[in-house]
Amino acid sequence: MPAAVRLGLPDRGTFALAGAISILRARRSTLTALSFATIIALAWFAYAPGLSGGFLFDDYANLPALGAYGRIDNATAFLRYITSGAADPTGRPLALLSFLVDARNWPADPWPFKRTSVILHLANGTLLALVLLRLGRTLRGGPDRAGGTASTDAAAVLGAGLWTLHPLFLSTTLYVVQREAMLPATCILLGLLGYLHGRAKASADRGHGIGWAAASIVGFTLLGILCKANGALLPLLILTLEYALLDGVAPLPATSRGKSFRTMRRVLLAVPAAALIAYFVYAGARGLLAGSLADRPWTLGQRLLTEPRVLVDYLQLLWLPRPYSRGVFNDGYAASTGLLSPPSTLICIAVVVALLAFAVRVRRRHPALALAILFFFVGHLMESSVIAIELYFEHRNYVPSLLMFWPLALWLCAPAPAVSAGTQTESRAILFARRFLTVALPLLLAGLTYVGAGLWGNVADQGLLWAARNPDSPRAQAYAAQIEIARGHSPQAVARLRAALSAHPDEIQLGLNLVDAECASHIAPDMAAAATSLRTTRKLGRLA
């Protein structure tokens, strides 16, 4: 017997095996990093055509604050600017602060704003990959469990890559003002990373895990709220993560640290989540009792009937991607007035209920799939439920869809299963399909995003296309008419606005733009139509 074995020391073969394992792990980590770096470069290339685009719609309602108090080059101007926000109770000061990276006065060049937003989107994709790496290793029992984490690491790269490359997020990333939707995602992802790190330390009975998790919950929730109100969803999203995946796959140990962690979780997660849900219940009851809303053409009850249709539409956009979508003009989206008005209302309610029930039922057998479904619906709680904001916006999917493609990536990247007799040909075909889709899907999404970004880089063509895709949107028609006037096509603008005004006589943006188009066409303006729109409009906010 070798002396090394007699003394309980590893022999040269053991050292060689350990060294080989270390090299393989290093190569795997390098390959993972290179794969994701390739995806990030591909995403930059796909978004590049959109960088030449201009400001749009709500950009002009928010960004001029950069010059409202003169150039922001002193403390007084800075404080006035950073407290000038009117959205949400906080005014979203951190989102306003981010715009100072790109300009400190107004008017400004849109290119730096769009560049920074694309960089932020790529950073969010990187953070998402790190979150999925941690979740994947938890799902597979850690890097030292039999079977390793090669497939889950690859799935993390692919799942984050599919999200980063998806064309639906063009209308978030290249619409400058929607940085207010991107920054809460940054805070939520950082909060998830900090929480998972702290939980792993507490599970291993190592110090500071509770502090890491608590600081991440409190700190990044507050920072997220200062970007946009839906940052307040972080505690509820972490609870969803615990319910769907962590508690079942990696329960906390029955140690003193594990018990302390559970206590911290009840205080910092369950209490804020319960308070948020209580607010939703209160706001919903108050809105339903109020009946009609002063500045909305629908009631809160009609909004609640409509949102399942909206959510199903979002899911279609996510799973059936296309380069051109509805864009940013969604005021023509028709509200549901009953369970069968339109009939798709009841169908979509059934779909939403079925998906939620399915997620609850399979969470033990398929925790990643259950998590992706529940995370999506919880992420939409604030903007797709009882708060009487507009019915539909694509950018609302930015946070809820973060985990959407991870289950697919886990399946595509899973190792080849053992093949039984008589099924080898079929299994090889499925394996080939999975490997092919692993490469083809990112390339497909990148191509669609590249095509869509080309439209975002041409503001005029973009506005005309959106008007064609949103014929019932007064905003889209008014915007297209302004483009036609600027191009010297005033008669076409007059015809467009008159047709739209006949369907929406109370829309001041149509009535007043019609006066402009008629003057540009040397036609006596129809002041009566403008007066009717001013007298009957229900939109008395910033637009008026």
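Where is Leu 97 placed? Leu 97 sits in helix α5, and it makes a friendly place to start a walk through this structure, which is a predicted model.

With a relative accessible area of 36%, Leu 97 is partly exposed. Once neighbours within four places in sequence are set aside, Leu 97 is in contact with Phe 78 and Ile 82. The C-alpha atoms of Leu 97 and Ile 82 lie 6.5 Å apart in space, and the two residues are separated by 15 residues in sequence.

Pro 107 is joined to Trp 106 by a cis peptide bond, with omega at about 0 degrees.

## How α6 meets α7

Two packed helices are described by the angle between their axes and the distance between the axes. Helix α6 runs over residues 110-139 and helix α7 over residues 150-165; they pack at an angle of about 150 degrees, and their axes are 8 Å apart. An angle over 145 degrees counts as roughly antiparallel, so α6 is roughly antiparallel to α7. The crossing of α6 past α7 is right-handed.

Which residues of α6 and α7 make the contact? On the α6 side they are His 121, Leu 122, Asn 124, Gly 125, Leu 128, Ala 129, Leu 132, Leu 133, Gly 136 and Arg 137. On the α7 side they are Thr 152, Asp 153, Ala 156, Gly 159, Ala 160, Trp 163 and Thr 164. Sorted by class, the contact of α6 with α7 has eight nonpolar, seven polar and two charged residues.

## How α11 meets α12

A second pair to look at is helix α11, residues 234-249, and helix α12, residues 256-290. These two pack at an angle of about 125 degrees, with axes 8 Å apart, which means that α11 is oblique to α12. Here α11 passes α12 in a left-handed crossing.

From α11, the contact draws on Pro 235, Leu 236, Ile 238, Leu 239, Glu 242 and Asp 247. From α12 come Phe 261, Arg 265, Leu 268, Leu 269, Ala 270, Pro 272, Ala 273 and Ile 277. How many residues of the contact of α11 with α12 are nonpolar, polar and charged? Eleven are nonpolar, none are polar and three are charged.

## The nonpolar cores

The largest nonpolar core has 115 residues. Leu 135, Leu 371 and Trp 406 are the residues with the most contacts inside that core. Leu 371 touches both of the others, Leu 135 and Trp 406, and also Thr 240, Leu 241, Ala 244, Leu 245 and Leu 403, leaving out residues up to four places away in sequence.

There is also a second, separate core, made of 13 residues. Phe 55, Tyr 81, Phe 113 and Val 176 are among them.

Asp 205 has a positive phi of about 60 degrees although it is not a glycine. His 208, also not a glycine, has a positive phi of about 70 degrees.

Pro 342 lies in the loop between α13 (300-319) and α14 (344-362).

## Around helix α21

Our last stop is helix α21, residues 508-520. Ile 508 is placed in this helix and is buried, with a relative accessible area of 6%. Ile 508 and Ser 533 are 25 residues apart in sequence, and their C-alpha atoms are 4.9 Å apart in space.

Ile 523 sits in the loop between α21 and α22 (527-536). Ile 523 is partly exposed, with a relative accessible area of 36%. Residues up to four places away in sequence aside, Ile 523 touches Arg 498 and Glu 518. Between Ile 523 and Pro 491 the C-alpha to C-alpha distance is 9.5 Å, and the two are 32 residues apart in sequence.

How values were computed: Residues numbered from 1 in each chain as written. Predicted model: local features only at pLDDT ≥ 70, side-chain atom pairs only at ≥ 80, totals over all residues. Heavy atoms only, no water. Axes fitted to C-alpha atoms, helices over the stretch in contact; angles between N-to-C directions. Helix = DSSP H or I, 4+ residues; strand = E, 2+ residues; numbered from the N terminus. Parallel < 35°, antiparallel > 145°, perpendicular 65-115°, else oblique. Left-handed = near helix turned anticlockwise from the far one by under 90°. Contact = heavy atoms within 4.5 Å. Nonpolar A, V, L, I, M, F, W, Y, C, P; charged D, E, K, R; others polar. Core = buried A, V, L, I, M, F, W, Y, C linked by side-chain atoms within 4.5 Å. Buried < 20%, exposed > 50% of the residue type's maximum accessible area, 1.4 Å probe, protein only.
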